[in-house]
Amino acid sequence: MNKKIIVSCICVAQGLVLTNAHADFIKDSETTLQLRNFYVDRDYDGNVVKDHENWSQSVSLIAKSGYTDDELVQVGLDASIRYAVRLNEDKHAPNYIMPYDPVTQTQDPDQLKLGGTLKLKKSKSELKIGEIIPKNPVLHTDESRQLPTTFLGAVFESSDIQDTKLTLGHITKVNARDDDHYKDLSLTNGKIVAHSDGFNMFGVEHKFTPQITGTYFYGGLEDIYNQHFAGVSYQPKFSDNLSLRSDLYYFNTRDTGDSAAGKIDNDVISTLNVLTYGNHKFGLGYRQQFGETGYPALNGWVPQLYLANWTVSVFSKPKERSFQFRYDYDMKGIGLDGLNLLLRYYTADNAHVGEIRDGKEDELDVLLSYKIPETYIKGLNFQWLYAKATTDFGPDFTENRVALTYNYKF
């Protein structure tokens, strides 16, 4: 798939709409204009690695239609235009925000992403073809920078079975957060960079009780690896002011087929438990890596947010063990509506990197977010992240990310 297919999907959908001019297609549509000013600065200790700095402004227009009211299959269309421009001078170093040419050591001054998705719906089942923005245990978009990581493919989701959601998908291309073209899916494993013709996924989520949900997902990167995920979420509410969310996750990943990326042998167990009391949240996370290799993350900035301790540092080295200690405070408790503070501390040991057999790394995060009360300017949000990371197998660094985002829905 490529941009020509996206355009073809749009044309097909437009033709269907013109021949079936149903009011629900327009009435239930929603268009969002997003303006995002984003600044990131990473300062490394020493002079081995160049510091990262990028300041940019983006404008995104995301349109989601309703559906035609056909009795057989309802049809809809989503389309998006995302454009970002760099506001600071080129630092001639990769910062993973915008396209960078390692040969000329220059960064593009702007970035453009176009997307289109054809939607076919019947009852509580839906097929999407075109641009896909997945958020599941085996494939997840990255929205931590200026423009998100997107994919091309087809995904089918169904909730026709009570308390159960089924997911089936095939992905062929990825458009990384720091790119503006779709490329083959790939994986870097040590010095090997392997490419794949596609990624297949299947998942089932079932709510056993109002408090307990179980999830299984399979993700297969053709000729590279097979991955199995199992998870349980427990969310009891003890009173109006006291509740708990406890998640337990397990990943199993092994090389398969031609083993194009070499040996992959990884198991992970992780858990994150957050207790909410009034305006306070107290969290404890733990993750243990097993196997001979680290967790295999797809190229194209595809994060694994279902692993408890995945942040600026990813804590995914072979054998690594990591802990998370977290505290959140909603400042409406002191009269500051919309202002939230998050403190997180990560510590890890037992990482196997080269000759190191007990590598350690730590990270401290301070996240301050402010959602302007709707009585002032609806849709305006501010966020500042401060991260300080130290490690035995690389340069320590300090990072600041500042984002000012405005969303307006038509």
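**Note on the predicted model: loops, strands, cores and rings**

1. Asp163 lies in the loop between E10 and E11. Helices (H or I, at least four residues) and strands (E, at least two) are taken as DSSP runs and numbered from the N terminus. The phi angle of Asp163 is near 65 degrees, a positive value in a residue other than glycine. Most residues other than glycine have a negative phi. Asp163 is partly exposed, with a relative accessible area of 44%; buried means under 20%, exposed over 50%, and partly exposed in between (1.4 Å probe, protein chains only).

2. Residues are numbered from 1 along each chain as its sequence is written, and side-chain values use heavy atoms, with hydrogens and water left out.

3. Gln105 also has a positive phi, near 55 degrees, and is a residue other than glycine. Gln105 is placed in the loop between strand E4 (100-101) and strand E5 (106-107). Its relative accessibility of 40% makes Gln105 partly exposed.

4. Asp178 belongs to the loop between E11 and E12. Is Asp178 buried or exposed? Asp178 counts as buried because its relative accessible area is 17%. Beyond its neighbours within four places in sequence, Asp178 is in contact (heavy atoms within 4.5 Å) with Tyr96, Ile97, Met98, Pro99, Gln111 and Trp301. The side chains of Asp178 and Trp301 make a polar contact at 3.0 Å. Such a contact is a pair of N or O atoms within 3.5 Å; within protein, one must be able to donate a hydrogen and the other to accept it, and residues adjacent in sequence count only if both atoms are side-chain atoms. The ring of Trp301 also has the charged end of Arg177 over it, 4.2 Å from its centre.

5. A charge sits over a ring if NZ of Lys or CZ of Arg is within 6 Å of the ring centre and within 35 degrees of the ring normal. The charged end of Arg42 sits over the ring of Phe397 as well, at 4.1 Å from the centre.

6. The largest nonpolar core has 27 residues, and those with the most contacts inside it include Leu139, Phe151, Ile171 and Phe199. Among the elements giving two or more residues to this core are strand E10 (150-158), strand E11 (164-175) and strand E14 (199-207). Apart from it lies another core, of eight residues, among them Tyr44 and Leu385. A nonpolar core is a set of buried Ala, Val, Leu, Ile, Met, Phe, Trp, Tyr and Cys residues joined through side-chain atoms within 4.5 Å.

7. E16 and E17 pair in the antiparallel sense over 10 bridges, whereas 13 bridges join E17 to strand E18 (residues 265-277), also antiparallel. Pairing requires that DSSP finds at least two bridges between two strands. Leu248 in E17 stands opposite Val232, and Leu248 stands opposite Thr271 in E18.

8. Rings of Phe, Tyr and Trp (its six-membered ring) pair if their centres lie within 6.5 Å; planes under 30 degrees apart count as stacked, over 60 as edge-to-face and the rest as tilted. By this rule there are 13 aromatic pairs. One of them, Trp384 with Tyr386, is tilted, at 6.4 Å centre to centre and 45 degrees between the planes. Ring pairs also link Phe229, Tyr249, Phe251, Tyr295, Tyr306 and Trp310 into a cluster.

Terms used: This is a predicted model: local features need pLDDT of at least 70, side-chain atom pairs count only at pLDDT 80 or more; totals for chains, interfaces and linings use all residues.
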